Amino acid sequence: MNAFATGMNRNSALVAVSTGLLRNMREDEVEAVLAHEISHVANGDMVTLTLVQGVVNTFVIFLARIIASALASNNNNNNNDDSGQQSHGFGYMMTVMVLEMLFGWLATPIVMWFSRQREYRADAGAAALVGSGKMITALERLKHNHESRLDGTLMAFGIANRPAKSELFLSHPPLEKRIAALKALA
């Protein structure tokens, strides 16, 4: 069961719903899921998350190159190169690649935190549109379906249903937390 929103702006947004969701949810639960996705559209979440990821990637690339250049410059000064020009050879490129991977991994929790916050906002928006009871019921249905279908298996684009040790790298908050946040709103 899945649904998602996509598009550059509200006027060109699309909401897609899987047949699994339509077959396994009641009409009021589908309504809540659609309200959640419409809230993503209303909040501009698709573009905002893309911009956040882009800004983070820019800093990752920039910092990796600055540090690699400083290391290469220090290495060239130690070697007393007669040309006086900084060489950006294989070592520099490897350093950049390693630093980009490291900084990218370190930056991922920032993007994932933002993604989790937008899920809470979309849940609250859906609750305002259709009522928190419908949204809670839809999330409970997703939780039940996820537990029963993914338990101990790996499905296409699915992950074995093991509790995460840390939420740092999760794009969506655990369903239990989303349900608790909606109950706190009600």
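Student: At what angle do α2 and helix α4 pack, and how far apart are their axes?

Tutor: The model is a predicted one. Helix α4 covers residues 90–130, and α2 covers residues 27–43. Where these two helices pack, the angle is about 120° and the axes are 7 Å apart.

Student: Are α2 and α4 parallel, perpendicular or oblique to each other?

Tutor: The angle between α2 and α4 is about 120°. Roughly perpendicular would need 65 to 115 degrees, and roughly antiparallel over 145. The pair falls into the remaining class, and α2 and α4 are therefore oblique.

Student: Is the crossing of α2 and α4 left-handed or right-handed, and which residues of α2 make the contact?

Tutor: α2 passes α4 in a right-handed crossing. On the α4 side, the contact involves R118, E119, R121, A122, D123, G125, A126, L129 and V130. On the α2 side, the residues are E31, A32, A35, H36, S39, H40 and N43.

Student: How do α4 and helix α6 lie to each other, and what is the class of their angle?

Tutor: Helix α6 spans residues 175–185, and its axis comes within 10 Å of that of α4. The two axes cross at roughly 45°. Roughly parallel would require an angle under 35 degrees. That makes the class of α4 and α6 oblique.

Student: Is E29 buried or exposed?

Tutor: E29 lies in helix α2. Its relative accessibility is 1%, and the limit for a buried residue is under 20%. E29 therefore counts as buried.

Student: With which side chain does the side chain of E29 make a polar contact?

Tutor: Leaving aside neighbours within four places in sequence, E29 is in contact with T137, A138 and R141. The polar contact has a distance of 3.2 Å and joins two side chains, that of E29 and that of R141.

Student: Where is S166, and which backbone atom does its side chain reach?

Tutor: S166 sits in the loop between α5 (132–150) and α6. It counts as partly exposed, because its relative accessibility is 37%. At 3.1 Å, the side chain of S166 reaches the backbone nitrogen of L168.

Student: How far apart in space are I66 and V96, C-alpha to C-alpha?

Tutor: I66 is a residue of helix α3, which runs over residues 45–79. With a relative accessible area of 46%, I66 is partly exposed. In sequence, I66 and V96 are 30 residues apart, and in space the C-alpha to C-alpha distance is 8.9 Å.

Student: What is the corresponding C-alpha distance for V55 and V111?

Tutor: V55 also belongs to helix α3. It counts as partly exposed, given a relative accessibility of 45%. V55 and V111 are 56 residues apart in sequence, and their C-alpha atoms are separated by 10.0 Å.

Student: And what separates the C-alpha atoms of H146 and L175?

Tutor: H146 is in helix α5. Its relative accessible area of 36% makes H146 partly exposed. Along the chain, H146 and L175 are 29 residues apart, while their C-alpha atoms are separated by 9.9 Å.

Student: Turning to the whole protein, in what order do its elements run?

Tutor: The secondary structure comes to six helices and two strands. Read from the N terminus, the order is β-β-α-α-α-α-α-α.

Student: What share of the contacts with a separation of 6 or more comes from residues 24 or more positions apart, and what share of the residues is buried?

Tutor: The protein exposes about 11,700 Å², with 60% of it supplied by carbon and sulfur atoms. Residues 24 or more positions apart account for 70% of the contacts with a separation of 6 or more. Of the 186 residues, the buried share is 30%.

Methods. Residues are numbered from 1 along each chain as its sequence is written. This is a predicted model: local features need pLDDT of at least 70, side-chain atom pairs count only at pLDDT 80 or more; totals for chains, interfaces and linings use all residues. Side-chain values use heavy atoms; hydrogens and water are left out. Helices (H or I, at least four residues) and strands (E, at least two) are DSSP runs, numbered from the N terminus. Buried means under 20% relative accessible area, exposed over 50%, partly exposed in between (1.4 Å probe, protein chains only). A polar contact is a pair of N or O atoms within 3.5 Å; within protein, one must be able to donate a hydrogen and the other to accept it, and residues adjacent in sequence count only if both atoms are side-chain atoms. Contact means heavy atoms within 4.5 Å. Accessible areas come from the Shrake-Rupley method with a 1.4 Å probe; for residues, only the protein chains shown count as cover. Axes are lines fitted to C-alpha atoms, for helices over the stretch in contact, and angles run from 0 to 180 degrees between N-to-C directions. A crossing is left-handed if the near helix is turned anticlockwise from the far one by less than a right angle, and right-handed if clockwise.
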